[in-house]
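Hi,

Here is the structure I said I would pass on.

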Amino acid sequence: MHVTGHTRRPASIRDVATAAGVSYQTVSRVINGHPSVKPDTRDRVLAAIGELGFRRNATALALASGRSRAVTVLTADTTHYGYACILRGVEEAARAASYAVGIGVLESAGEAAVAAQVQRAADTSGGLIVIAYDPAGVRALGAVPAGLPVVGVVETPASPPGGDLPWVWTDDREAAYEATRHLLSLSHEAVHYVAIPSSTRRTSARTAGWRQALRDAGAPEPRPVQGSWGPEGGHAAGLKLARDPAVTAILCGNDDLALGVLRALHECGRAVPGEVSVAGFDDAPHSAYLTPSLTTVRLDFTGLGRAAFALLHGVLEEAVQIGPHPVSVPELVVRESSGPPPVTA
């Protein structure tokens, strides 16, 4: 019967139970694949589910399983490219598994503020994913109470961590190594580096990869220029480097820094790539549309977010836990901003 002016409410688990002539607990067991349900009962329940158009959601699954089907991502930033892509990957994977995702923003790296945010996230009774790319994230990862399921998205460790630490990361060291080797292969005698901040140590994995490539090639090791995360830091560093005519190649710790460096070189009359080659890091969407388009290293941050959720999902569903592991192989993307040094250099 069609009723004009009324919207049909979604079928509930109890509606399915009534249609199939079973208890709602039996419907829950069918939904979750419990082996104790008789085949004919299972067929009856599945037929009712199809007839009523019943769709599982996070709340229904939580009631059926007795577990909270929710995760909270703790992060100090939601806008920078890498962070935002990780969040998107977590959300995509969680949605596919019928999990809800909350975001807890770490507004301060102070011990008390971080502890309070971690506690709020813990009170949701789900699992945690901590993006530990900065001091606040690192502190939050260390403050998670024992026994609470958690996965850390971390910088490339200085050495492979032991045990079964639930961490994922991209191989930043290898990525920086390949980018530096590319610039050196164009016959640049040295590659200067504009560094992003490191969350855990004085020398980041990206800085370490750049330095190792120089050493392997027997090239000079200029002092890194400390940048920030955004274009303003790259602009300041670029103005400093542009004043030195011996600088013919610059690797930047991310594409936003490279954007600032390109602007500084333009202001100083240094042509790219005619006089100076510039390479970035991350392959942010704007990189391909700069003038010149930016040579960079592509890292799959969205895949990293999906991997973090998959690891946490395995813990929450009491599956076998996978130990720490890197995710994705970096890919060098060569565009217009890199080329050989000027003949007169």
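α5 (81-96), α9 (205-217) and α11 (255-267) each put at least two residues into the lining of the largest cavity, and α5 gives the largest share, 3 residues. Helices here are DSSP runs of H or I with at least four residues, strands are runs of E with at least two, and both are numbered from the N terminus.

Before you read on: this is a predicted model, so local features need pLDDT of at least 70 and side-chain atom pairs count only at pLDDT 80 or more, while totals for chains, interfaces and linings use all residues. Residues are numbered from 1 along each chain as its sequence is written, and side-chain values use heavy atoms, with hydrogens and water left out.

Back to the cavity. The structure has 1 cavity of 30 Å³ or more, and the largest cavity holds about 290 Å³ of space. Of its 24 lining residues, Ile196, Arg206, Trp229, Asp282 and Phe301 are the closest to the centre. A cavity is a set of points, on a 1 Å grid over the protein atoms alone, where a 1.4 Å probe fits but cannot get out; lining residues have an atom within 4 Å of a point. Points are joined across faces, edges and corners, and the volume is the space filled by probe spheres set on them. Sorted by class, the lining has 11 nonpolar, 7 polar and 6 charged residues (nonpolar: Ala, Val, Leu, Ile, Met, Phe, Trp, Tyr, Cys and Pro; charged: Asp, Glu, Lys and Arg; polar: the others, Gly among them).

Next, a helix pair. Helix α6 (residues 111-122) packs on helix α7 (residues 135-143) at an angle of about 55°, with the axes 9 Å apart (axes are lines fitted to C-alpha atoms over the stretch in contact, and angles run from 0 to 180 degrees between N-to-C directions). The contact (heavy atoms within 4.5 Å) involves Glu111, Val114 and Val118 of α6 and Ala136, Arg139, Ala140 and Ala143 of α7. Those residues split into 5 nonpolar, no polar and 2 charged.

Last, some backbone spots in the loops. The peptide bond from valine 272 to proline 273 is cis, with omega near 5°, and proline 273 sits in the loop between α11 and β9 (277-279). Another cis bond runs from threonine 291 to proline 292, with omega near 0°, in the loop between β9 and β10 (296-298). Serine 187, in the loop between α8 (172-185) and β6 (192-195), has a positive phi, near 85°, though it is not a glycine.

Cheers

Definitions and conventions:
On a 1 Å grid over the protein atoms alone, a cavity is a set of points where a 1.4 Å probe fits but cannot get out, and a pocket is an open set with protein on both sides within 12 Å along at least five of seven lines; lining residues have an atom within 4 Å of a point.
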